[in-house]
Amino acid sequence: MLRQSSEEVINLAELEATPAKTDALPPRRPRVVILGAGFGGLNAALGLRNAPVDITVVDRRNYHLFQPLLYQVATAGLSPAQIAMPIRRVLASQKNATVLMEKVEGVDTAGRTVLTGSRRIPYDYLIIATGARHAYFGHDAWEANAPGLKTIGDATEIRARILTAFEKAEVTDDPALREKLLTFVVVGGGPTGVELAGAIIELARKAIVRDFRNIDSSTARVVLVEADERLLTAFPEKLSQSAKSQLEKLGVEVKLGAAVTECDDNGVALADGQRVASACVLWAAGVMASRAAKWLDVAADRAGRVVVDGHLHVPGREGVYVIGDTASVKGKDDRPVPGVAPAAKQMGRYVADLIKARLAGRTAEPFRYADYGNLATIGRKAAVADLGPIQLSGFLAWLLWSFAHLWFLVGFRNRTVVFLDGAWAYATFDRSARLITERRDG
């Protein structure tokens, strides 16, 4: 039994007679943790700017990236700083937001904390917007020879591979090696693959054609390989055919119904037995969601996306919402909401409004995706646009694509610089960002 001196004994009578303090601490504000500062996460944070909450935005990088123009960095059309903005700068004036550059290791849903390499971050509401990564359909070893395009690091790596191929072709005397170096293979006929193929052929035939003395860069061969029977399967078949025609007019070889069975440093092998020798293979064939489903230990679809309910809430995980490319959610006619920037922005704003409604004791309607159409660029004055009843291709679609992407860029300065660079490139065919940097293989 513990012993206490007379000085340590609490006089209960005196304690009860003491007046209660009236300067108690104010109640703690709800904590909202947002994982990922892409379109979804950033719009969720901005949507809560005036809400009575404390926000923590966690991202493994310190910048918000405009991914739809990433292919322009990969093909020397733009520099990385033109399509990215520091997250802290975007949220600098938002007093209720804190930014942490951390890598998420997991989520403790029972303890309502996010686990990173250095800390535990408690939450009342958790918004997961961690996007997607490349998918190689069980052939992860192919990534070393066929990099995908999701980050600035990917883009500068691809740019280095493309430009290095031309430089090596300039100095070799071996005709077979030169042909291999001047052959570029893009795997995947979605928007990213179509954009990459069109940009590479224009780089070779317009932007750098006067730069070399021993090779004719315009003889470069760009091969677009797609396992499906048509390109841009999310678009109407009429626009898919138009995209194929526009690519072929630019000089791209389009191979449809051609699944890749082997990929190595000598090129690719196709299911029909053909082999395309290439020193530069690029991957745009598929995506896999982040590890969010494993963090939460919940159901996921075939692409690893977390299955959410109509309010973008994760069933059985109180206060947890998943948005953007990480979420599997149904839209009109029970069709999946596409993994595009407008959808992620809408989801981010929706969850912000939902949290504000719940704090105010109100209910919210289920999420409804407003589909404003699909756009894909192919090259100079070449694009397709699906606006529902209105379908455009060629120059008008390209103009629409150009202005739509300028609008979505974060920051007036970025919009202005990209517009001026685009106007200059259109008039002169010049691509000034032709720097070979960040080669992973040294």
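**Exercise 1.** Decide whether glutamate 157, at 1% relative accessibility, counts as buried or exposed, and then find the residue with which glutamate 157 forms a salt bridge.

*Solution.* Step 1: glutamate 157 counts as buried, because its relative accessibility is 1% (buried means under 20% relative accessible area, exposed over 50%, and partly exposed in between, with a 1.4 Å probe and protein chains only). The model is predicted, so local features need pLDDT of at least 70 and side-chain atom pairs count only at pLDDT 80 or more, while totals for chains, interfaces and linings use all residues. Residues are numbered from 1 along each chain as its sequence is written, and side-chain values use heavy atoms, with hydrogens and water left out.

Step 1: the partner is arginine 161, and the closest N and O atoms of this salt bridge are 2.7 Å apart (a salt bridge is a side-chain nitrogen of Lys or Arg within 4 Å of a carboxyl oxygen of Asp or Glu). Arginine 161 is buried as well, with a relative accessible area of 17%.

Step 2: both residues belong to helix H5 (residues 152-171), and because they are four residues apart there, about one helical turn separates them (helices, H or I, of at least four residues, and strands, E, of at least two, are DSSP runs numbered from the N terminus).

**Exercise 2.** Determine which parts of the chain are tied together by the salt bridge between arginine 221 and glutamate 253.

*Solution.* Step 1: the side chains of arginine 221 and glutamate 253 meet in a salt bridge of 2.7 Å, N to O. Step 2: arginine 221 lies in strand E12 (residues 221-226) and glutamate 253 in strand E13 (residues 253-256), so the pair ties together parts that are 32 residues apart in sequence. Step 3: arginine 221 is partly exposed, at 29% relative accessible area, and glutamate 253, at 30% relative accessibility, is also partly exposed.

**Exercise 3.** Classify the ring geometry of phenylalanine 166 and phenylalanine 184.

*Solution.* Step 1: the ring centres are 5.3 Å apart and the planes stand at 35 degrees, so the pair is tilted (rings of Phe, Tyr and Trp, the last by its six-membered ring, pair if their centres lie within 6.5 Å, and planes under 30 degrees apart count as stacked, over 60 as edge-to-face and the rest as tilted). Step 2: the pair links distant parts of the chain, with phenylalanine 166 in helix H5 and phenylalanine 184 in strand E11 (residues 183-187), 18 residues apart. Step 3: phenylalanine 166 is buried at 0% relative accessibility, and phenylalanine 184 is buried at 1%. Step 4: the count comes to nine aromatic pairs, and Tyr136, Phe137, Trp142 and Trp283 form one aromatic cluster.

**Exercise 4.** Summarise the protein chain by its helices and strands and by its buried residues.

*Solution.* Step 1: the protein chain has 12 helices and 24 strands. Step 2: of its 442 residues, 48% are buried.
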